[in-house]
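Work through the exercises below with the sequence and the model open. Try each task before you read its solution.

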Amino acid sequence: MKVLAFHGAPVYLTVDARAIEAAALAVKKPPPLMEKAGLAAAEIARDISGGTGKPVLVLAGPGNNGGDAFVVARHLKKWYFKVTVVFAGDEKKLSVDAKAALGAWRKAGGTIVPSLPASRQWGMVVDGIFGIGLERDVTGQYAEWINTINSLRVPVLALDAPSGLHSDTGRVMGCAVRATHTVTFIALKPGLLTLDGPDHCGEVHLSMLDLDAQSLRPASGSLVDREVIASALNPRRMNSHKGDYGSVGVIGGDHGMVGAALLAGRAALKLGTGRVYLGLIARDAPLLDVVQPELMLRTADEVLKLKNLSCLAVGPGLGLTPDAAFYLKWAIESQLPLVLDADALNIVAGDTGLKKQLKQRDTETILTPHPAEAARLLGTSTSEVQKDRIGSALKLAKNLNSLVVLKGAGSICASPDGIWHINTSGNPGMASAGMGDVLTGMIAALLSQGAEPKTALLAGVYLHGAAADHAVANGVGPAGLTATDTIDAARYLLNQR
């Protein structure tokens with residue numbers, strides 16, 4: 001998805017966004033925030049409408065989002081758009097600011113109608129039905145409005161959040177507007193960026209309304225962006241050798257799953273690791289990767305006994321056998337930084353002893369679960385994890401004293417100190433076998449070359465998605481995009497930092 005925001009932009013939960021808004025309103029500095037928000041949204045509406053004179057449908061809800069919509073309508077009318085405003089709420093229950101916005105709309109010659117007109121010949125739609133803070137499913141008349149919006153083939157601008165989308169979690173509350181553009185006010189909200197948010201928000205615009213949100217309330221979340229790649233690694237010295245760039249050990253590759261370990265190893269190698277060893281569990285494992293002969297293929301015992309390793313990546317193709325559990329325990333007991341993925345996570349989920357060992361480790365551990373793996377680790381269901389992706393990632397990070405990326409649309413990166421980040425790079429082409437193995441190798445590569453563990457996680461996650469975006473931009477995918485396709489693209493992007 002495309003997010004038009006500045007580097008490291010803070011992301012706020014609804015309760016924090018409300019607190020910032022309340023602090024700003026207490027100052028009573030003119031013009032009111034609703035006027036600023038409405039003008040900012042109207043300017044975006046004008047830009048995406050394709051020209052003045054086109055009929056615009058503005059849907060105003062019963063709260064302050066409806067007030068914003070009245071301001072948008074007034075400005076568009078002033079700019080010679082043909083504006084129809086639909087409002088079915090109780091005017092007496094509007095807030096002071098929303099009543100003032102409705103009054104200004106009428107003073108400008110505008111009118112309101114209580115239901116959707118029969119005409120479907122609109123140039124664009126402005127969705128001001130519900131903003132942030134929606135906690136119950138949308139039903140009845142408002143659900144009908146949303147379904148009508150979604151049936152129109154015109155640009156749709158959502159105010160603050162698409163109506164029906166939970167602004168904290170990205171869940172669809174019964175039904176939700178599918179906007180082509182969303183303008184969100186003061187700060188980004190996580191629900192726009194994760195789970196179903198990317199499918200409903202379109203292009204996200206941030207209008208800060210002349211406020212410095214961080215000075216009013218420090219954020220615990222932020223956006224991951226391309227700047228993290230530049231900060232991950234220092235430039236290479238001319239006078240250097242392979243030993244300066246670390247050694248990664250990949251443990252996995254049981255019978256029928258050797259390809260997963262090969263993918264992780266190839267990713268680690270092509271993202272700059274000096275040496276990559278694959279400790280394969282399968283008894284019939286190959287001795288050579290003919291595609292990437294630079295990889296050193298050995299048994300898991302041999303790799304775990306090496307003294308020159310910088311980090312271990314355990315899980316790609318590991319399997320669930322007693323041997324797999326034995327090697328995982330060996331790795332956890334080492335003093336090396338760990339990246340755990342796939343069956344390594346599934347084994348930990350079923351072993352309270354390993355969970356305790358992970359939590360007590362002195363060296364950094366990075367976990368890379370998809371929602372189902374996270375659910376097993378938390379002892380809950382996948383649907384419960386997806387209902388609150390941020391909360392689930394934070395709980396997992398705290399429970400296991402580890403850095404965590406909860407993969408999916410809008411991957412959540414969390415640390416035990418309660419800080420979280422949302423990554424927006426990537427595309428649906430990544431719903432393909434082996435992508436997680438490649439991510440594991442990328443993170444391990446950055447760790448082996450000296451990146452701080454949290455930076456390695458954030459940079460690896462962003463780079464992985466950006467590589468998929470780069471591939472699609474160059475005609476590869478999204479349908480048919482493979483994990484292998486992302487490796488060379490990631491190498492290219494890493495070297496462009």
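**Exercise 1. Thr 169 and its surroundings**

Task: find which residues Thr 169 is in contact with, leaving aside neighbours within four places in sequence.

Solution. Contact means heavy atoms within 4.5 Å. With that cut-off, Thr 169 touches Gly 191, Thr 194, Leu 195, Lys 387 and Asp 388, once neighbours within four places in sequence are left aside. Before going on, note that this is a predicted model, in which local features need pLDDT of at least 70 and side-chain atom pairs count only at pLDDT 80 or more, while totals for chains, interfaces and linings use all residues. Residues are numbered from 1 along each chain as its sequence is written, and side-chain values use heavy atoms, with hydrogens and water left out.

Thr 169 sits in the loop between strand 7 (156-159) and strand 8 (181-185). Helices (H or I, at least four residues) and strands (E, at least two) are DSSP runs, numbered from the N terminus.

Then judge its burial. Buried means under 20% relative accessible area, exposed over 50%, and partly exposed in between (1.4 Å probe, protein chains only). Thr 169 has 7% relative accessibility, so it counts as buried.

Last, look at its side chain. One of its polar atoms lies 3.2 Å from the backbone nitrogen of Arg 171.

**Exercise 2. Trp 122**

Task: decide whether Trp 122 is buried or exposed, and find what surrounds it.

Solution. Start with the location: Trp 122 is in the loop between strand 5 (112-113) and strand 6 (124-128). Its relative accessibility is 11%, so Trp 122 counts as buried. Beyond neighbours within four places in sequence, its contacts are Pro 55, Val 56, Leu 57, Thr 84, Pro 117, Leu 152 and Val 154. The side chain of Trp 122 also reaches the backbone oxygen of Ser 119 at 3.0 Å.

**Exercise 3. The eight-strand sheet and helix 5**

Task: give the strand order of the open sheet of eight strands, then find which strands helix 5 lies across.

Solution. Two strands pair if DSSP finds at least two bridges between them. The order is 1-9-8-7-6-3-4-5, with parallel pairing. Strand 1 (3-4) and strand 5 are the edges; each has a single partner strand, so one side of each lacks a neighbour in the sheet. Inside the sheet, three bridges join the parallel strand 7 and strand 8. Leu 157 stands opposite His 181 in strand 8.

Helix 5 (residues 140-151) lies across strand 3, strand 4, strand 6 and strand 7. It runs at about 150 degrees to strand 3; axes are lines fitted to C-alpha atoms, for helices over the stretch in contact, and angles run from 0 to 180 degrees between N-to-C directions.

Check which residues of helix 5 are buried: Tyr 142, Ala 143, Trp 145, Ile 146 and Ile 149. They span an arc of only 155 degrees around the axis, which puts them on the same side of helix 5. The arc is that of the directions from the helix axis to the C-beta atoms. Their cover includes strand 3 (55-60), strand 4 (82-87), strand 6 and strand 7.

**Exercise 4. Helix 4**

Task: find which residues of helix 4 are buried and which are exposed on the other side.

Solution. The buried residues are Ala 98, Ala 101, Leu 102 and Trp 105. Their arc is only 95 degrees around the axis, which puts them on the same side of helix 4. On the other side of helix 4, Val 96 and Lys 107 are exposed. The cover over the buried residues includes helix 2 (33-49), helix 3 (64-78), strand 4 and strand 5. Just after helix 4, Gly 109 has a positive phi of about 100 degrees.

Technical notes
Polar contact = N/O pair within 3.5 Å; in protein donor to acceptor, adjacent residues only side chain to side chain.
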